[in-house]
Amino acid sequence: MTGTVVEDVHTSIVGTKMKAEGPLLITHWGLSGPAILKLSSYGARLLHDCNYKAKIAVNWFGSANENEVMELLYEMSIRHPQKQVQSLYPDRFNSRLWLHLLACAGIRPDMRWAEMGRKSFNRMAAMLTNHIFDISGKNKFKDEFVTCGGVALSNINPSTLESRQHPGLYFAGEVLDVDAITGGFNLQAAWTMAYVVAKNV
């Protein structure tokens, strides 16, 4: 499923209030894309403290709840009762991902929509709105492009970025305790801070 993108997905770290949304990308090593990158930014300290062992929940239908997804599935079954569940699926998925989701929900792909019982619909809707994945560690390849932590902002003059303790010493970019969500904001912050430092030096 490498390269598969699902738009408008909601993700959260189980047991916390940390949530993120956006496109989700499936890679050869796991999950990525804005919905995951934003969540990892929000939860950076928490994930560090639990040694990168946690669970995340994925709602493949964004803000839709379980009942709304159930209605969508019912509607599909009413409109196309004789189609196999593997061949008729919501537009947001491709066939490979849909087959994987059916397997996760324990539903036979060759079953017809008319054969789906109440329990199958419940299982499918529950999984599609709360699909649990294990975080099993940090990327071993040092591919991180944003760091969390650094020199505390209380230690610098915010208008010049000069150290309060050591005059003439300036800080900019990710050496400071500043990080933003994905989308170029960290780059912009680094460039802007570099300009402020250069101007004041």
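**View 1. Asn155, a partly exposed residue in a loop of the predicted model.** At a relative accessible area of 29%, Asn155 counts as partly exposed, a class that lies between buried (under 20%) and exposed (over 50%), as found with a 1.4 Å probe on protein chains only. Asn155 is placed in the loop between β5 (131–135) and α6 (185–200), where helices (H or I, at least four residues) and strands (E, at least two) are DSSP runs numbered from the N terminus. Leaving aside residues up to four places away in sequence, Asn155 touches Glu162, Ser163, Arg164 and Gln165, a contact being heavy atoms within 4.5 Å. From Ile13, Asn155 is 142 residues away in sequence and 31 Å away in space, C-alpha to C-alpha. This is a predicted model, in which local features need pLDDT of at least 70 and side-chain atom pairs count only at pLDDT 80 or more, whereas totals for chains, interfaces and linings use all residues. Residues are numbered from 1 along each chain as its sequence is written, and side-chain values use heavy atoms, with hydrogens and water left out.

**View 2. Two residues with positive phi, Asn51 and Leu161.** Most residues other than glycine have a negative phi. Asn51, in the loop between α2 (44–49) and β4, has a phi near 55 degrees and is exposed, with a relative accessible area of 55%. Leu161, in the loop between β5 and α6, has a phi near 65 degrees, but Leu161 is buried at 8% relative accessibility.

View 3. Apart from residues up to four places away in sequence, Thr4 touches Leu24, Leu25, Ile26, Asn94, Arg96 and Leu97.

**View 4. The aromatic cluster formed by Trp60, Phe61, Tyr89, Phe93 and Trp98.** Rings of Phe, Tyr and Trp (its six-membered ring) pair if their centres lie within 6.5 Å, with planes under 30 degrees apart counted as stacked, over 60 as edge-to-face and the rest as tilted. By this rule there are 6 aromatic pairs. The rings of Phe61 and Phe93 have centres 5.6 Å apart and planes at 80 degrees, so this pair is edge-to-face. Because Phe61 lies in the loop between β4 and α3 (66–79) and Phe93 in the loop between α3 and α4 (95–104), the pair ties together parts that are 32 residues apart in sequence. Phe61 is buried at a relative accessible area of 9%, and Phe93 is likewise buried, at 5%.

**View 5. The second largest pocket and its lining.** The lining consists of 13 residues, of which His10, Thr11, Ser12, Lys19 and Asn59 lie nearest the centre of the pocket. At least two lining residues come from each of β1 (5–13), β2 (19–26) and β4 (54–59).

How values were computed:
On a 1 Å grid over the protein atoms alone, a cavity is a set of points where a 1.4 Å probe fits but cannot get out, and a pocket is an open set with protein on both sides within 12 Å along at least five of seven lines; lining residues have an atom within 4 Å of a point.
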